[in-house]
Amino acid sequence: MIYAATAELLPIKGWLDIRGGEAVRKICDRELCGELPTIVQTASEIKDVGVGFCVAPDHWMLCLSDGEDSRWEEKFQKALSGEFCSITNVSDMYLTFRLEGKQARNVLLQAVSADLHPRVFSKGSFLRTAFAKTTAMVYQTSDEPAYDVTVYRSYKSYVDEWFFQII
Amino acid sequence: MDYRISKYGDQRNEDNRRERVMKQEVVYRLSNSDNLVNESIDRSTPLWFEFNGRSYRGFLGDTLASALLANGVHMVGRSFKYHRPRGIMSAGAEETNAIVQLIGDDDEPNVLATTLQLYDGLNAKSVNCYPSLSWDFGVLNEWLNRFFPAGFYYKTFMWPKDQWDLFGRFIRRVAGWGVVPNSIKENRYEHRSHHCDVLIVGAGPAGLSAALFAGRAGARVMLVDNQPEPGGDLLNTEYTINNMSGRSWVTSIVEELEGMENVKRVSSAIASGYYDHNFLTVLEENPTEQGVCERLWKIRAKQVVLATGALERPLAFADNDRPGIMLASSISAYCSRYAVNIGQNIVLFTNNNSAYSTAFKLVKAGAHVEAIVDLRKGVDAGIKRTVKSVGIKVFENQQIKKVYGTKHICRVAIGAFGSDEITTLDCDLLGVSGGWNPTIHLHSQSGGRPQYSESIASFVPGDSVQAEISAGACKGLFTLSDCLSSGFEAGVLAAEACGFHGKRESTPECVDEFALDITAVWQVPLPHKGARAFLDFNNDVTTKDINLAVREGYASVELVKRYTTAGMGIDQGKTGNVNIIGYLSECTKTPPGSIGTTTYRPSYSPISFGAMAGANKGNLLIPWRRTEVTQWFIDNGGHLDETGAFYRRPLFIPREGENARAAMEREAVSVRTGVGIYDSSPLGKIDIKGPDAVKFLNRLYTNAWDKLEVGSAKFGYMLYDDGRLMDDGVTCRIAEEHYLMTTGSGVADVVLRHIDYLLNCVWTDLKVYITPVTDNWTVLCVCGPKSREFLQNAGTDLPIFDKKYFPFMASKTGRVAGLDVRVNRVGYTGELSFEIFVRARDGRQLWDKLIEAGKEFDITPVGSDTSMLLRTEKAFIAAGLEGDGYANIYDVGLGWVVNNKKGDFIGKRSTERDLSIGGDRPQVVGLKIENKTFVAPKGCPIVDPNMEGAKKMEGMVTIGFFSPNLNESIALAQLKNGRARMGEQVILFTKEQELRATVCDPIFIDPTGERMRS
């Protein structure tokens, strides 16, 4: 082991892909009793629900605990009836690795070209970016540091191998 | 004295030999005295290494070059073209002679001995010599040198023409600087990204000053230096800064920098490339992490400070390349940093004052300097007095006329210009200084255009093109005070540009050395016609070669470079370029500034392929994707191969004892007669939602989508703007404003990008959102006439026997094998098929249940190649095969998919244009090969059998198989005007044979589609 870090596959999570304009976001906020982030590449924790990620001006990802996805999907569909929007349950699209440890940042910097310095990327920060030879959503969950690296399901074995070889 | 240590000798013999080596070394290693305040070696840690089969000892902190010199080894290689003996010339990355090959476990070519840090067990050998360094057959080239001038390879080996292959083989055998390793190294290479406010390249006085200010101001600073320890020239010389020694000043600065959390310092790291947007690559050797041998940093900086220093250049005089002739400053570096007393009797040859400073340092360190031979008249009296006071003779207005000694110099003859009178000086080391070249490579790579400076007779950075500031010697400022002040200034400017304002402080006080006061001399007059002065040691380019190039019309510096190879190769002309330009200016009578430099390109120094690849090798070379079923195929002997989009899918799944063909035939027959199962998960899947989804599909596909009902699916073809085939697929309507599109596996990303672009940039009027969902679903395709019975047995609540409710192209949700699924009655085999979509997490579970339930039906897992065979039998068109970038949708027989009444769609205009032009377009047809044992290869040309003489290509095979269901060798092909040629005989033209085939309808099986609609 070269780096003081570990990478572990987390249990499957619920993911909703939300597309829509400002009105859609506001309705979602009302349903969530929280706020989806409005700045691209940022995240916000929504109490008792999960984490919302803003990936584009009209595009959010909502991460929920597994089993909650269908309930929230239905809830949004109902609340957004008549609105021009798209709510897609993509829970099976993604798998998340938890990367943590003293040198987790140094491990991540071998796959990601973004600036991960604590001055610009700290707890709660999020970005969707190229990760080694695939793409990932990177969310910093603590200042330890620890990161949730969410990748497409079909790349699981590649990313698993990547972490194994690098760490 | 024999230093060789036998591998088989006993320990005592080895000890005795090592003892002898140590005694020899004492002669060349200065004692550990107070004079050597900059000594960088750790004498308490001896390291043993081998060079050319002999064992030597060095110390921790030595480079291979310093350790060799400490053992009295100067001659380390042979030159590239003439195989002249060559010795170590410099003490850094500019080295042009000491290029060695590492052997053994660390096998690597093109390693510079002057930068390679010594380690225990290092094993290296010389290159370009056979059978040995001392006795080299290649020296024949030197004797025949008059036949090998610049550009000889453009003029020779031209006749006889058919022998070029022979010459080529020979030339390739003798050329080259080393041998590529045969084995794969287990070494670990890494890439790492880094962002900073200020990147400072070079940790000499200017770089350290810049880092100090920018760091104190609070900017995120990265300081990289190619030396193992910071200090630059301060380590080679005894300077005084703020009343402390240069080394102490460096230590104090480094300590302060180490204490700043916003400063990162990387040593032994060469900045190799400067690209657009202030992106630089830096190669770090032996990072601190255990097991990592090289790390390639990819750095994005808001501001870059280049403090890369300057490199001393040689003088061009007769036989200036002999071992024992070195750059003057490197003698001083070896002396003060590595405590190596290289020569017992040193002579310096110069055209500037820096050699006087060097002489003074050498004497102070305990070396003996016999004389300074100066090309100039009127050397400053004060300087002369200073060096004469320490016993050094000064010969003004004199030149080296002759160098004695081939494998090592032993004396030199000097004399005045134009005079025949000579004086002979005994010397075992000649230090030369022809001036200093600012290291402007990175500035040039950044887009800057270097300017010629008369005062230093070299090039300095021009205007900055990117956010970059040059400071110190690389800006042409050679005094210490100038370096320090320009460094501070650069640090201030860079930090302030990033929004960090620190307290400006005064520049430290220091004592400067002699001013440069250079008189440019590009070639010292040669004593006789046969004498040669080398400008580019790396490529054996002499002043005569430059002359020849100019005479032959190659007067531009770029043409001279290419004609003579001057400035190319491993050293990239670090020491030679300016001399080449200077001499070219003499030949062409053009000022050097008007000639300019060639373009400097990355990388500054050689980079190993390992470093470029980083972790991207072995299992990480290609990011192989897996479906939920991939492991089942691996466990059951599936023959996996790349099938596009980074998926490795089974081509077929052979049973024990089966070969590929037998497996495919079994699978194909099973699908036509029983039931097969196929993993279609890699199909691209895109979720489409919005009130304008129908409009969107109408514009995207060639056919009309208005009448597609919820719960049904439809086949569609999309075209490029130019009317060529892009992709086909089935799209099902899930709800009123909700569709699920499938695309080809290999082009899933292409299609997604295409429609994402259309919606975001072209059809912004459409209210449609798309979401890629490829990985969200596992898709298993059950196909074959017994599919219904099988699914019934597996358990489903779908009325699959109700042909009215569940007809061909139906798309329904329900349960299969206890799991929630969507089932589309579509397939790619032409048989009754059910495509089952299940949540990816349930994919493997469904597969296992279906395999289990299918045992009584002898269900057959089917691979991709078998699927291709089945689609060939049905003439299902593949956009990437039958659509070759020329064929349009009518050519491939899919005119029925086009609805010209529905309005515009992508590719409509181009397709109509094709129709209006008409002519004999290639059309997709079927072929039945006369020889059933022959399978027509893809791309096989088709020719007219009636044509005499030269064959004219009439078309080509797009895919061919032996069909076990037809007991025929069949193929799909594009044939000119093919549909009008049914029944015609054509010839398939292969390398081995010509085969007869009959043109037929491309749909070999079930032309009416009864089976798939059943």
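## Salt bridges between the chains

In this predicted model, B:Arg841 pairs with A:Asp92 in a salt bridge whose closest N and O atoms lie 3.0 Å apart. The interface of chain A and chain B holds five salt bridges by the rule applied. Polar contacts also cross the interface of chain A and chain B, with 30 residue pairs found.

## The side of chain A that touches chain B

Strand S2 (13-20), strand S6 (85-89) and helix H4 (156-166) of chain A each contribute at least two residues to the side that touches chain B. H4(A) gives the largest share of that side, six residues. Sorted by class, the side of chain A that touches chain B consists of 18 nonpolar, 14 polar and 11 charged residues.

## Extent of the interface

The size of an interface is often given as the accessible area lost when the parts come together. Here chain A and chain B bury about 3800 Å² between them, and 50% of this area is on carbon and sulfur atoms. In terms of residues, 43 from chain A are in contact with 48 from chain B.

## Nonpolar cores

The largest nonpolar core has 51 residues. Those touching the most other members are B:Phe49, B:Phe51, B:Leu64, B:Leu68, B:Ile88 and B:Tyr334. Leaving aside residues up to four places away in sequence, B:Ile88 touches several residues, among them B:Ala65, B:Leu68, B:Leu69, B:Val73, B:Ile325, B:Met326 and B:Tyr334. The neighbours of B:Ile88 also include B:His74, B:Glu95 and B:Thr114.

Technical notes. Residues are numbered from 1 along each chain as its sequence is written. Chains are lettered from A and ligands numbered from 1 in the order in which they are written. This is a predicted model: local features need pLDDT of at least 70, side-chain atom pairs count only at pLDDT 80 or more; totals for chains, interfaces and linings use all residues. Side-chain values use heavy atoms; hydrogens and water are left out. A nonpolar core is a set of buried Ala, Val, Leu, Ile, Met, Phe, Trp, Tyr and Cys residues joined through side-chain atoms within 4.5 Å. Buried means under 20% relative accessible area, exposed over 50%, partly exposed in between (1.4 Å probe, protein chains only). Contact means heavy atoms within 4.5 Å. Buried area is the accessible area (1.4 Å probe) that two parts lose on being put together, summed over both. A salt bridge is a side-chain nitrogen of Lys or Arg within 4 Å of a carboxyl oxygen of Asp or Glu. A polar contact is a pair of N or O atoms within 3.5 Å; within protein, one must be able to donate a hydrogen and the other to accept it, and residues adjacent in sequence count only if both atoms are side-chain atoms. Helices (H or I, at least four residues) and strands (E, at least two) are DSSP runs, numbered from the N terminus. Ala, Val, Leu, Ile, Met, Phe, Trp, Tyr, Cys and Pro count as nonpolar, Asp, Glu, Lys and Arg as charged, and the others, Gly among them, as polar.
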